[in-house]
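Subject: Structure handover

Hello,

Please find the structure below, with the notes that go with it. Could you read them with the model open beside you?

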Amino acid sequence: MFYFINLYCTFCTTFPLCCCVKLEFLPQKGSIKEHLISDLSRQKEEEKMEKSEPGAAAFPPTFSVSEIKNKQRRHLMFMKFKQEKRKQKMQLKKKKKKEREALGDKAPPKEVPKTIENQRVFDETMVDPEDEEVAFDEATDEFSAYFNGLTNPKVLITTSDRPRGRTVRFCEQLATVIPNAHVYYRRGLALKRVIPQCVARNFTYLMVINEDRKMPNGMVLCHLPDGPTAHFKISSVRLRKEMKRRGKDPTEHSPEVILNNFSTRLGHSIGRLFAALFPQDPQFVGRQVATFHNQRDFIFFRFHRYIFKNEKKVGIQELGPRFTLKLRSLQKGTFDSKFGEYEWVLKVSNFSLRRQKSCDKETN
């Protein structure tokens, strides 16, 4: 039921204020006149705020953008809120910069942002490349003949049974990156039968690309004839046609190899495993670089060609393909899933331990 009530407006006493009031929404305490006066004063304060800050997103304390039902209105309010937040952040940044310039040398040191890298537990297996023990291991391990120039790498690339087109194209592009690499169809043979045939034909590496749901998802890299064998997970594969602004197809020149951040005992072994894939006398005429970058236990592979624009500036072109590797296990000897001896296996405890909070390397 509705009632029509005539009241004199508090802002203009000459005209009566006519309002329609429903009994369910009447306040329990106070008169109807007090309730209307409070509503009018609240509206007047909101109008003042809108006039004082044009374009600003003013929200009640308990307001949530997700409560807005209209999609377009919700998106508009969210963009306004985001823009206002960005303005406040820039103003705070400028204020801190002015204070730092005013203080000069007395300014406090900048805060170092917390990242996964600087919060990880210090790895005790970090090695110094100039250490005598490391130098002795390098001179006597399985890859010393490659770095001494006594052996030239020869790589066989194959796939799992019945590979799809994307996996086959990935293998073909890998063969253009690695010199003296050959792609062969597996024909349903077991790896234990493939390895003796590779050794008989003087192959030094066997690379097997596995797939799942028509996508490359794993790599087995076996050094011949005595191992070791590494198993990697492959992700984020991008072929050459899927890359924007890529350069021309790579030439047959031997590329330079960059190994970045392989500083632990395990990383040192994996880095030498990758380095022995390529000849140790790069042909600088081709201006091609293969990069293996290790970060947060992920190995990012990129293949570039650098171009000299002038005497001071150098540009790079990515040639492709690109992919990311994650080490699953490192096995002694050649591939043997049943009786093989493993040097290192990825465990959940190892992965979670590296994410714990810790001090910097110097404090450890």
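A residue is called buried when its relative accessible area is under 20%, exposed when that area is over 50%, and partly exposed in between, using a 1.4 Å probe and protein chains only. By that rule Phe292 and Phe301 are both buried.

Some notes on the source come next. This is a predicted model, in which local features need pLDDT of at least 70 and side-chain atom pairs count only at pLDDT 80 or more, while totals for chains, interfaces and linings use all residues. Residues are numbered from 1 along each chain as its sequence is written, and side-chain values use heavy atoms, with hydrogens and water left out.

Aromatic rings

A pair of aromatic rings is described by the distance of the centres and the angle of the planes. Rings of Phe, Tyr and Trp (its six-membered ring) pair if their centres lie within 6.5 Å; planes under 30 degrees apart count as stacked, over 60 as edge-to-face, and the rest as tilted. The search of the whole structure gives nine aromatic pairs. One of them joins Phe292 and Phe301, a tilted pair with 5.1 Å from centre to centre and 55° between the planes. Phe292 and Phe301 also belong to one aromatic cluster, together with Phe170, Phe232, Phe274, Phe278 and Phe323.

Two lysines are placed over rings. A charge sits over a ring if NZ of Lys or CZ of Arg is within 6 Å of the ring centre and within 35 degrees of the ring normal. Lys154 lies over the face of Phe203, 4.6 Å from the ring centre. Lys326 has its charged end over the ring of Phe298, at 4.6 Å from the centre.

Cavities

Rolling a probe the size of a water molecule over the atoms shows where empty space is left. Here a cavity is a set of points, on a 1 Å grid over the protein atoms alone, where a 1.4 Å probe fits but cannot get out; lining residues have an atom within 4 Å of a point. Grid points are joined across faces, edges and corners, and a volume is the space filled by probe spheres set on the points. This gives two cavities of 30 Å³ or more. The largest cavity holds about 90 Å³ of space. Its lining has 13 residues, and Leu174, Ile178, Met207, Phe292 and Phe323 are those that lie nearest its centre. Helices (H or I, at least four residues) and strands (E, at least two) are DSSP runs, numbered from the N terminus.

Cysteines

Why does the structure hold zero disulfides? A disulfide is a pair of cysteine sulfur atoms within 2.5 Å. The sulfur of Cys198 has its closest cysteine sulfur in Cys222, 8.5 Å away, so the two are too far apart for a bond. Both residues are buried: Cys198 has 2% relative accessibility, and Cys222 has a relative accessible area of 1%.

Backbone

Most residues other than glycine have a negative phi, and most peptide bonds are trans. Where are the exceptions listed here? A cis peptide bond joins Leu224 and Pro225, with omega about 5°, and another joins Gly227 and Pro228, with omega about 10°. Pro225 is in the loop between strand 6 (215-223) and strand 7 (229-238), and Pro228 is in the loop between strand 6 and strand 7 too.

Arg187 is not a glycine, yet has a positive phi of about 65°. Arg187 is in the loop between strand 4 (181-183) and helix 6 (191-200), and is exposed at 70% relative accessible area. Ser236 also has a positive phi, near 55°. Ser236 lies in strand 7 and is exposed, with a relative accessible area of 52%.

Two loop residues

Is Ser254 buried or exposed? Ser254 is buried, with a relative accessible area of 10%, and lies in the loop between strand 7 and strand 8 (256-260). Contact means heavy atoms within 4.5 Å. Leaving aside neighbours within four places in sequence, Ser254 is in contact with Pro179, Pro279, Asp281, Pro282 and Gln283.

Arg162, in the loop between strand 3 (155-159) and helix 5 (165-177), is exposed at 72% relative accessible area.

Regards

Note on methods: 1 Å grid on protein atoms, 1.4 Å probe; cavity = no way out; pocket = protein on both sides within 12 Å on 5 of 7 lines; lining within 4 Å.
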